[in-house]
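Student: I would like to learn how to read side-chain contacts and backbone geometry in a model. Please take one feature at a time.

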Amino acid sequence: MPKTLVGPPLPNIPWEARPAGSSDPVWRYSQNPILGWNPIPCAARIFNSAVIPYEGAFAGIFRADYKNGRPQLHFGRSPDGLHWEIEPEKIAWVDPQGKPVVNSYAYDPRLVLIDDTYYITWCDDFPGPAIGLGMTRDFRRFVKLDHPLMPFNRNGVLFPRKIGGEYALLSRPSDSGHTPFGDIILSHSPDLTYWGRHRLVMRSGGQGWWQGVKIGAGPVPLETREGWLLIYHGVSGPCNGFVYSMGAALLDLDDPTRVRYRTRDYLLTPEKPYETVGFVPNVAFPCATLTDSDSGRIVIYYGAADTYTAVAFAQVDELLDHLKKNSDLF
């Protein structure tokens, strides 16, 4: 039988079996959080970060919130995907001509390998929140490219390969404040410089109030035999503030604006103390995955309470089956 996940095997993927008695399609790592308060001298918190397999181990781009309140991006390495060594200095970006680039702030990175290049997207200051785009081939030299889209925008996520001969980018247009615009948009580019053919993918709302305020793309979409598996965050607005939860959708392989399935109920919502109590309470914000095509295992990295980095697990066939049985399309 063909493997469900498209991509290389990852035999050293971090893993923990589902707890006894649980039938949840996504379950938490029992040793969460994997990064806590004051993880490096310059930063109070590291969360909403991106990881990827690299040279037989793992590499990552991490959001580090400094003690002056501003976030910057740092590089990190791990032998097992769970225990991380974060470089104490922020990434030193240069432009394509090699001149230093200074970022006012940078947060919520995503990381993807396309062909032989690692691309990083994040929320950048254009001025005002916009999508930043950069690249590296060795995690030593980091080149900042042109902003792909106009401000104001967040949650820029590249697909891991071209679709119809073009790069594809998910985003959530917003305003300059706390993002009242809540829909996911798809944009296309022949060269990562000129972007167009903007199309709506999904709107906030549905039967579940957990995604009624806004939604945003999470990790890089996972290619499966049945479509692109997109893990995303949904936000509700109860009387005491926003709550960020985790959901999933299955997009058509050839036309990702066609949503085949979408979770009616959240997959994971803030319940544990490290998710409900922190700098910003009640946040579970997915930003990265690791996958093993041989076993169908998925590891989800998520930010918890804008303070911690946490991990959850899933099996692709179980997750897709759950998605089909609990779909909510509006």
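Student: Which residue forms a salt bridge with Lys-324?

Tutor: Some conventions come before the answer. This is a predicted model, in which local features need pLDDT of at least 70 and side-chain atom pairs count only at pLDDT 80 or more, while totals for chains, interfaces and linings use all residues. Residues are numbered from 1 along each chain as its sequence is written, and side-chain values use heavy atoms, with hydrogens and water left out. Side chains of opposite charge can pair when their charged atoms come close. A salt bridge here is a side-chain nitrogen of Lys or Arg within 4 Å of a carboxyl oxygen of Asp or Glu. The partner of Lys-324 is Glu-226, with the closest N and O atoms 2.5 Å apart. This pair links distant parts of the chain, since Lys-324 is in helix α2 (residues 316-325) and Glu-226 is in the loop between β16 and β17 (227-236), 98 residues apart. Helices (H or I, at least four residues) and strands (E, at least two) are DSSP runs, numbered from the N terminus.

Student: How many salt bridges does the structure hold, and which residues are joined into one network?

Tutor: The structure holds 15 salt bridges. Shared partners join Arg-45, Arg-63, Asp-65 and Asp-108 into one network. Another salt bridge is formed by Lys-3 and Asp-294, whose closest N and O atoms are 2.3 Å apart. Those two residues are 291 residues apart, with Lys-3 in the segment before β1 (27-28) and Asp-294 in the loop between β20 and β21 (297-304).

Student: Is Glu-223 buried or exposed?

Tutor: Buried means under 20% relative accessible area, exposed means over 50%, and partly exposed is in between (1.4 Å probe, protein chains only). Glu-223 has 17% relative accessibility, so this residue counts as buried. Its salt-bridge partner is Arg-161, with the closest N and O atoms 3.0 Å apart. Arg-161 is partly exposed, at a relative accessible area of 31%.

Student: Why is the pair of Tyr-244 and Phe-285 called tilted?

Tutor: Rings of Phe, Tyr and Trp (its six-membered ring) pair if their centres lie within 6.5 Å; planes under 30 degrees apart count as stacked, over 60 as edge-to-face and the rest as tilted. A search of the whole structure gives 17 aromatic pairs. For Tyr-244 and Phe-285 the centres are 6.1 Å apart and the planes are at 50°, so this pair is tilted. Tyr-244 is in strand β18 (residues 243-251) and Phe-285 is in strand β20 (residues 284-292). Both Tyr-244 and Phe-285 are buried. One aromatic cluster is formed by Tyr-54, Phe-75, Trp-93, Tyr-118, Trp-122, Phe-139 and Phe-142.

Student: Which ring does the charged end of Arg-45 sit over?

Tutor: A charge sits over a ring if NZ of Lys or CZ of Arg is within 6 Å of the ring centre and within 35 degrees of the ring normal. The charged end of Arg-45 sits over the ring of Phe-279, 3.7 Å from its centre. Arg-45 also belongs to the salt-bridge network with Arg-63, Asp-65 and Asp-108.

Student: What is the peptide bond from Asn-32 to Pro-33, and where is Pro-33?

Tutor: Most residues other than glycine have a negative phi, and most peptide bonds are trans. The bond from Asn-32 to Pro-33 is cis, with omega near -5°, and Pro-33 is in the loop between β1 and β2 (43-54). Asn-38 is in the loop between β1 and β2, and its phi is positive, near 50°.
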